[in-house]
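Please look over the structure below with its charged side chains in mind.

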Amino acid sequence: MTEAVLDKTRRRIRRRRRIRGKIVGAADRPRLSVYRSNRGIFAQLVDDERGGTVASVSWIEPDLRALGRMDQARRAGELLAERAKGAGLEQCVFDRAGYKYHGRVKALAEGARSGGLAF
């Protein structure tokens, strides 16, 4: 790997740690954690008090696999909101994990909001 790539990764991890120090997911308001890879996007609602996942969504699910990246992220947010409502949740804390609030991360957040999840 080149030095620039390592520096970019280190900067993102530093931002992620700083963000995680400030936000905590609870049972009534879990943390919506996002992971973005080159191939797809993953998101989960995490209850940090209990240490478990309430609901999750992954780009490899059949509904999302055939979509383009931006549509995939938006639909993933909507699916996560549906699953959260099924678990009796309507609010969460958004954890962008050091990624910029732009592109697929923003599309996932907007999809979750349009699905009825508030943060």
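The points below go from salt bridges to a surface patch.

This is a predicted model, in which local features need pLDDT of at least 70 and side-chain atom pairs count only at pLDDT 80 or more, while totals for chains, interfaces and linings use all residues. Residues are numbered from 1 along each chain as its sequence is written, and side-chain values use heavy atoms, with hydrogens and water left out.

**Salt bridges around R31**
- The structure holds eight salt bridges, each being a side-chain nitrogen of Lys or Arg within 4 Å of a carboxyl oxygen of Asp or Glu.
- One of them joins R31 and D48, at 2.9 Å from N to O, and this pair links strand β1 (residues 31-36) with the loop between β2 (41-47) and β3, 17 residues apart; strands here are DSSP runs (E, at least two residues), and helices are runs of H or I with at least four.
- R31 counts as buried because its relative accessibility is 9%, where buried means under 20% relative accessible area, exposed over 50%, and partly exposed in between (1.4 Å probe, protein chains only).
- R20, R31, D48 and D95 are linked in a network of salt bridges.

**Another salt bridge**
- R83 and E61 form a salt bridge whose closest N and O atoms are 2.8 Å apart.
- R83 lies in helix α3 (residues 69-86) and E61 in the loop between β3 and α2 (62-65), so the pair ties together parts 22 residues apart in sequence.

**Surface patch**
- K8, R11, R36 and K100 form a positive surface patch, where patch residues have over 30% relative accessible area and no salt bridge, and like charges are joined within 9 Å, or nonpolar side chains (Val, Leu, Ile, Met, Phe, Trp, Tyr) within 5 Å.

Notes: Accessible areas come from the Shrake-Rupley method with a 1.4 Å probe; for residues, only the protein chains shown count as cover. Lys and Arg count as positive and Asp and Glu as negative; His and the chain ends are not counted. The place of a charge is taken as NZ of Lys, CZ of Arg, CG of Asp or CD of Glu.
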